[in-house]
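User: I am new to reading protein models. Can you take me through a few features, one at a time?
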Amino acid sequence: MSAPQRSLLLFKPDAVAHGMADQGVADVCAAGLRVVSRSRFEMTEGQLAGMYYRIFPDERALTAGLLRRYLVGRPIETAVVEGPEALARLLEYKAAARARLGAFIYGNFVHCPDSVEEAERQIEVFSGDGRGGGFRPTTTRWRDWSVAGCERALDGVWADAAERGRARPAAWTPWPRAAGLRITVPARWEIAFDDIAVFLARLLGTDDPGFGVRATLAALYDPGGLATPVTGELAAELASRVREFGLLAAVPAEDRALVPGEPR
């Protein structure tokens, strides 16, 4: 029998707001794990910095900004969980819960660490007093964008969400007609959110960080991805650049003959 492990289960603000923590804990206990302790509190910026210590805001200003808006100052609940293979079993629970509840903007309702070392670190982070470093850029410019402009753009994106952290546009597009090239993010994506946002903004001819954030969220979550009005030879050219970058591109049927190797 495997030696007992200790890990952390974190219910994010939307899970707490919708009363899902009790059922989640019950599911974990029914799977044979033991909840050692539970705590409900509002996450601080210091705790966020400790939780996402591998994310550096000076390098990933958009990701840090979205996480800060979603998690800081809102009620969360943590449970320290113990038992045989606790780490792997909580990861299975997280995957099942996310698949059942759907994908939401930085919400995903539940979080648990990916390694024993990460679990111990996060347990320590949330057992402290919440003070610590900040989680925002210290520079004035990022990727040739003003950090102040990025923050204003993120405020706008956040204000547009009908339910913070959960709602997303059904099919966001800034164009009156968008039936051309469609761009989506692969199901198992490894490219940083910030890199995608900068790439999409500049690919589609704008230097607006708000556009980049909304376009990335559309490519991630909207049915059919990000719909653009781009057709013809430009669609073929952009599709090639999108795929080289690591995203998916669907070319309109009437333009497929323009793309080498594209099925007609």
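Analyst: Gladly. This is a predicted model. We start with salt bridges. A salt bridge is a side-chain nitrogen of Lys or Arg within 4 Å of a carboxyl oxygen of Asp or Glu.

User: How many salt bridges does a search of the whole structure find?

Analyst: The general idea comes first. Side chains of opposite charge can pair when their charged atoms come close. Here, the search finds 17 salt bridges. Take R38 and E77: their closest N and O atoms are 2.4 Å apart. R38 sits in strand β2 and E77 in strand β3, so this pair ties together parts that are 39 residues apart in sequence.

User: Is R38 buried or partly exposed? And what about E77?

Analyst: Buried means under 20% relative accessible area. R38 has 37%, so R38 is partly exposed. E77 has 4%, so E77 is buried.

User: Which other residue meets E77 in a salt bridge?

Analyst: R40 does, at 2.8 Å from N to O. R40 lies in strand β2 and E77 in strand β3, so the pair links parts that are 37 residues apart in sequence. R40 has a relative accessible area of 51% and is exposed.

User: Where do the partners D195 and R143 lie?

Analyst: D195 and R143 form a salt bridge, with the closest N and O atoms 2.6 Å apart. D195 lies in helix α8, while R143 lies in the loop between β5 and β6, so the pair ties together parts that are 52 residues apart in sequence. D195 is partly exposed at 30% relative accessible area. R143 is partly exposed, at 30% relative accessibility.

User: Which residues do shared partners join into one network?

Analyst: Salt bridges that share partners join D22, R38, R40 and E77.

User: How many residues of α9 are buried?

Analyst: Of its 13 residues, 12 are buried, so α9 is mostly covered. Among them are P209, F211, V213, L217 and Y221.

User: What covers the buried residues of α9?

Analyst: The cover includes helices α4, α7 and α8. It also includes strands β6, β7 and β8. Look at the start of α9 too. There, a side-chain oxygen of D208 reaches to within 2.9 Å of the backbone nitrogen of G210.

User: Next, cysteines. How many disulfides does the structure hold?

Analyst: In general, a disulfide is a covalent bond between the sulfur atoms of two cysteines. This structure holds 0 disulfides. C112 is buried, with a relative accessible area of 1%. C150 is buried, at 1% relative accessibility.

User: Last, one residue. Where does E151 lie, and which residues does E151 touch?

Analyst: To read one residue, ask where it sits, then what it meets. E151 lies in helix α7. At 17% relative accessibility, E151 counts as buried. Leaving out residues up to four places away in sequence, E151 touches R68, R69 and P137. With R68, the side chains make a polar contact at 2.7 Å.

Conventions
Residues are numbered from 1 along each chain as its sequence is written. This is a predicted model: local features need pLDDT of at least 70, side-chain atom pairs count only at pLDDT 80 or more; totals for chains, interfaces and linings use all residues. Side-chain values use heavy atoms; hydrogens and water are left out. Helices (H or I, at least four residues) and strands (E, at least two) are DSSP runs, numbered from the N terminus. Buried means under 20% relative accessible area, exposed over 50%, partly exposed in between (1.4 Å probe, protein chains only). Contact means heavy atoms within 4.5 Å. A polar contact is a pair of N or O atoms within 3.5 Å; within protein, one must be able to donate a hydrogen and the other to accept it, and residues adjacent in sequence count only if both atoms are side-chain atoms. A disulfide is a pair of cysteine sulfur atoms within 2.5 Å.
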